[in-house]
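Trainee: I'm new to this structure and would like a close look at a single part of it. Could you walk me through one region step by step, and then show me how a few other spots compare in kind?

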Amino acid sequence: MAVTVRATPYGAAAYRVLAEVVAVAKAGDPLATVTLVVPGEWVGVAARRSLARGMGTGPPGVAALRVVTLRRLAETLVGDRFARCGRRPLTGLVLAAAVRWALASDAGIFAPVADHIGTVRAIARAHRLLRALPDTLLDEISAGNEVTAETVRVHRVLEERCASAFFDEVDLLEAAAGIVGEGGVSGTVVAFLPQDLDAPETALLSAVGRVTTVHVVVGLTGERAADEGPRAVCGALGVDAGAVVARLVGDVVLHASDPDDEVRCVVRRVVAELVGRPGHRIAVLYGSADPYARLLHEHLGRAGVELCGRGVRPASEGRVGRSVLRLLSLSRNDFSRGDVLAFIADAPLRHAGGRAPGSAWERVSRAAGVVRGGDWARLEDYAAHRDTWIADHAEAETWRVDRARREADTARELHTFVTSVRTGLSAVEHAGTWRESGEAALRMWSTVLGGDEIGTPAPEEQRATDRITATLRSLSGLDEFAGGPDPVLLRELLELELADDLDRVGRMGTGVHVGRVSEGVGEDLDVVFIVGAAEGMLPYRAGDDPLLPDHVRELTDGALPTLRHQLDRQHRHVLAAFAAASPGGRVVSFPRGDLRRGGSRVPSRWLAPTLSRLAGEDHVRTDRWESVAGLVESPSYAGAVERGCNPATEQEWRQRAAVDHLADIPDGSILARALETRRARASDAFTVFDGNLAGERLPDPTDGAVVSATALEAWMQCPHGYFTRYLLSVVPVQQPEEIVRISAMDRGTVLHDVLEQVVTRAVDDGWAPGPGQPWPEQALTVLTQAADERFDRAQAEGVTGFPLLWEYDKTAMRADLVEFLARDDVRRRDFGGLAPVAAEWAFDGVEFPLGDGRTLRLRGRIDRIDRSAAGMLLVTDYKTGKADPFRPIVGDPCHHGQRLQLPVYAIAACATFGDEATAVRSEYWFTTRRGGFERIGHTIDEAVLDRARLALRTAVDGIVGGVFIARAKGKSNVLYDCPGCDPDGLGEYGVAQAWSRKGRAPELVALRALLGEAVTQ
């Protein structure tokens, strides 16, 4: 038999030669058998379609035509023989399990990284490469390199472990080469555009050439180094590839500011090229998938352009894949709340009521203080607390009772769900065999996520579902091969399977082809776009293989490609892509910089011939590309829209229309409102966009409603903060997992509750100290008991933070409580003998005249009320922080209206425990060692009340008048954080500037005057 070769450029010329060769092979008989061996599936489809259009002047040449790759040919020849021997394919799942087993048996120098999934990937990849090398070459590359020697050792262990039960592609190729002479290959064989074949592939093709006629159609670019692979194939077959002069360059060079804008520019050109041209005659190719693959799919999709090619999202990133991997990972972090809720929010859960109520489950788990592990039991406690609340508030509004009941039911429902998941994962983790582990995982997959019954029309999700089911069912085959089951390995194996499963988008030949530049081999197109043609991206900057480094690969004489060989292959792909396009249709683009990584970029070295042609010079250095005239520039995205580019997407059309008709924006449109907002906020006027809600229906605090002094203080401190908190009911969310130690607020609540119990029990049980008497010993016993109970409740509520810090905080709080009793004895003696009257005394509806005919009805809760022997009332508000923020009340009893509790509490106390003639003193008492047990307060007289009335009138007028401007903290401002003004915690500079700029507005004069801020007109 004979082997012939026809050299050809790539592109349309290659398909013309293919038609001629197939016509010769058929020799006038349309039914003559021809086997067409192609380098890949994409080329096979293109070749079949080309031959279906006819062979020159003859008829189509697809009858009796078999299109296969060499590896597929080997499988058809000997695959059934392996099956009859009981050997199964060595899938990625099996190989990964074998690698993990080999490392567990003897990791060698890989011991420090043996548990990393990257190690499994790297060794599995090296094993696939080394399978094509003979033992003598393996011995040679092992000498003098410890890492490579260990890699070869593990490779041989894997070979021995897998040989009897499994077969891989090398086994198929070698076995097929040995039996070709026995039949199985009939008719003529045409090898079309062979690329880089390894030794087993070359051996099979040579064996075929010895039993039948082989015609080789070899594509050449004219670059010797780039054509090394195809020439080596011809040399192995004993024929000379010949020569072809086909050095092509680009026709258009486009550059943009960054890859995102570069892709937008290319998409606009693609849309323009589609006018009068079918999409399958256009291809957009990239050298670096990151970031171009996703960018191209995203922007072409936005432009409504149909495309085809390999997808960019593996099954592991799809909803189904993410869900099953998250499910199997929940135990890793002890069922942390964040992991569980992320799983619930994303997963297609099988839930009785339809979609799982993720937001409701998030709220109750946060309210219950769940962080991880055993904290999930707090859901039952939370539900019990809500049940208790319902029983204790039978007279409450119906909607409040219904909400409490829903919260209790939701907490129990979530607890049941998490318990079922933990039980299922426990079955997976404690399985005795891989079969049991797989069956337990399948039950989880079915009961929690729906398994094969997940209803989704998306084909990629259905493919992921099938892949997951098949993988879990195949785990039983690992029992006699990969050792005992391991839940971590199970998840890794599933992740490897899903990560290698890239979806396919569209149908071949029905849309714009988007893919790697290597897919340009075998194309026949009108227009080819090559994007990302910058150094470091095309050619892609590949690192040396740590297991099989370059200096080791050089010993294999090309059997293992070196970095130089990989570079030459990529250059061949670029030149083949150029040849695939018609003259004038070769467009190359590159970014001038990269906002993701920073720095600037220069054109690829392979653009030098194109730049030289455009410049009309013999040689132009790529780092001097700015001097070349005729390049197409996109200065920026905004510049492209403003310069009149052809819009490609709906968004670009809208933006272009806005630019062209800026003066004709219709009133009331979104853009008009946006411009109005921008102008208003930049002005000195106090507008609706700054919080001026004058004329709106707003609640009047004096119309009979009951308000708190704390709320009115909040308006004085920040009107916008009052608006968000008290009118919109928007409050910051505290995530339980973010609590490192108990917060100042929760710490104060705990101390207040303990002190309340001590004082209340003393008053109710009749052992409270009389005027001038110390606390009895019983007080310390009650205090200790109350503290223990309250500390346990705080821990159950999940507000205490890390256990070690909580132990420290408990010790400090106990010391503060004990010292409180001694300090209180001294305080009561200082006032001539005080006796406690009430603790945590609540008032509701106490009237406070404003002095202008209006009256406020106030509510609140007073921490402590004492009466002296002379009849004076001492009203105390406990504070657990430092005294510094409260010191200004010494000079100004209301601190510019920002401290109203003391006068309001005094009025409330007199209403029940005294009369208008009763003397009252109100104090803040800082009842911790940190606060120094300092007391700050004043006797409540008419001057203090007048000052309070002024502040309350200002607040009421501001609320009724719709004054809700944001007032930032600062040196001359309030010393607290306002989540309404700074919700993201990034600062309040803009808020402070607006307050300063708009302060001259008439609506703000009264507020700024009360705050003591000068107002200049």
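Mentor: Let's go through the open sheet with its helices, and then visit some other spots.

Keep in mind that this is a predicted model. Start with the sheet itself. Five strands make up an open sheet, and going across it you meet them in the order β1-β7-β6-β2-β3, with parallel pairing. At the edges stand β1 and β3 (65-68), and each has a single partner strand, so one side of each is left without a neighbour in the sheet. On average, neighbouring strands here are turned by 20° against each other, direction ignored.

Now zoom in on one pair of strands. β2 and β3 are joined by four bridges and pair in the parallel sense. To find your place there, look for Thr-35, which stands opposite Arg-66 in β3. As a rule, side chains in a regular strand alternate between the two faces of the sheet.

Next, take helix α1, residues 12-26. With 15 residues at 1.5 Å a residue, α1 should span 21 Å, and its end C-alpha atoms are 21 Å apart, so the two values agree. Which residues of α1 are buried? They are Ala-13, Ala-14, Tyr-15, Val-17, Leu-18, Ala-19, Val-21, Val-22, Ala-25 and Lys-26. And what do these buried residues pack against? Their partners are β1 (3-8), β2 (34-37), α2 (41-52), β6 (188-192) and β7 (214-219). That list takes in strands of the sheet we began with, along with helix α2.

Just past the end of α1 comes Ala-27, with a positive phi of about 50°. Ala-27 has this positive phi although it is not a glycine. It belongs to the loop between α1 and β2. Is Ala-27 buried or exposed? Its relative accessibility is 64%, so Ala-27 counts as exposed.

On to α2, a helix of twelve residues. From its first C-alpha to its last, α2 reaches 17 Å, close to the 16 Å expected at 1.5 Å a residue. Buried residues in α2 are Trp-42, Val-43, Gly-44, Ala-47, Ser-50 and Leu-51. Just after α2, Gly-54 takes a positive phi of about 120°. Further along, in the loop between α2 and β3, you come to Ala-64. The phi of Ala-64 is near 55°, a positive value in a residue other than glycine. At 36% relative accessibility, Ala-64 counts as partly exposed.

That's the sheet and its helices; now for the other spots. There is a hairpin made by β17 and β18, with five residues between the two strands. In the turn, Gly-851 has a positive phi of about 85°. The strands, β17 (residues 834-849) and β18 (residues 855-868), run antiparallel and are joined by 13 bridges. Within that pairing, Phe-848 stands opposite Leu-856 in β18.

One joins Asp-290 and Pro-291, with omega about 10°, and Pro-291 lies in helix α12 (residues 289-302). Another runs from Leu-538 to Pro-539, with omega near 5°. Pro-539 is in the loop between β13 (527-531) and α21 (550-553).

Finally, the aromatic rings. The structure holds 18 aromatic pairs. One of them is formed by Phe-886 and Tyr-924, a tilted pair at 4.9 Å centre to centre with 55° between the planes. Why does this pair tie together parts that are 38 residues apart in sequence? Because Phe-886 lies in the loop between β19 (873-879) and α32 (901-913), whereas Tyr-924 is in strand β20 (residues 920-926). Phe-886 and Tyr-924 are both buried. Elsewhere, Arg-967 lies over the face of Trp-995, at 5.8 Å from the ring centre. One aromatic cluster to look up yourself is formed by Tyr-722, Phe-723, Tyr-726 and Phe-964.

How values were computed
Residues numbered from 1 in each chain as written. Predicted model: local features only at pLDDT ≥ 70, side-chain atom pairs only at ≥ 80, totals over all residues. Heavy atoms only, no water. Phe/Tyr/Trp six-rings, centres within 6.5 Å; stacked < 30°, edge-to-face > 60°. Buried < 20%, exposed > 50% of the residue type's maximum accessible area, 1.4 Å probe, protein only. Lys NZ or Arg CZ within 6 Å of the ring centre and 35° of its normal. Pairing = 2+ DSSP bridges. Expected span 1.5 Å × (residues − 1). Contact = heavy atoms within 4.5 Å. Axes fitted to C-alpha atoms, helices over the stretch in contact; angles between N-to-C directions.
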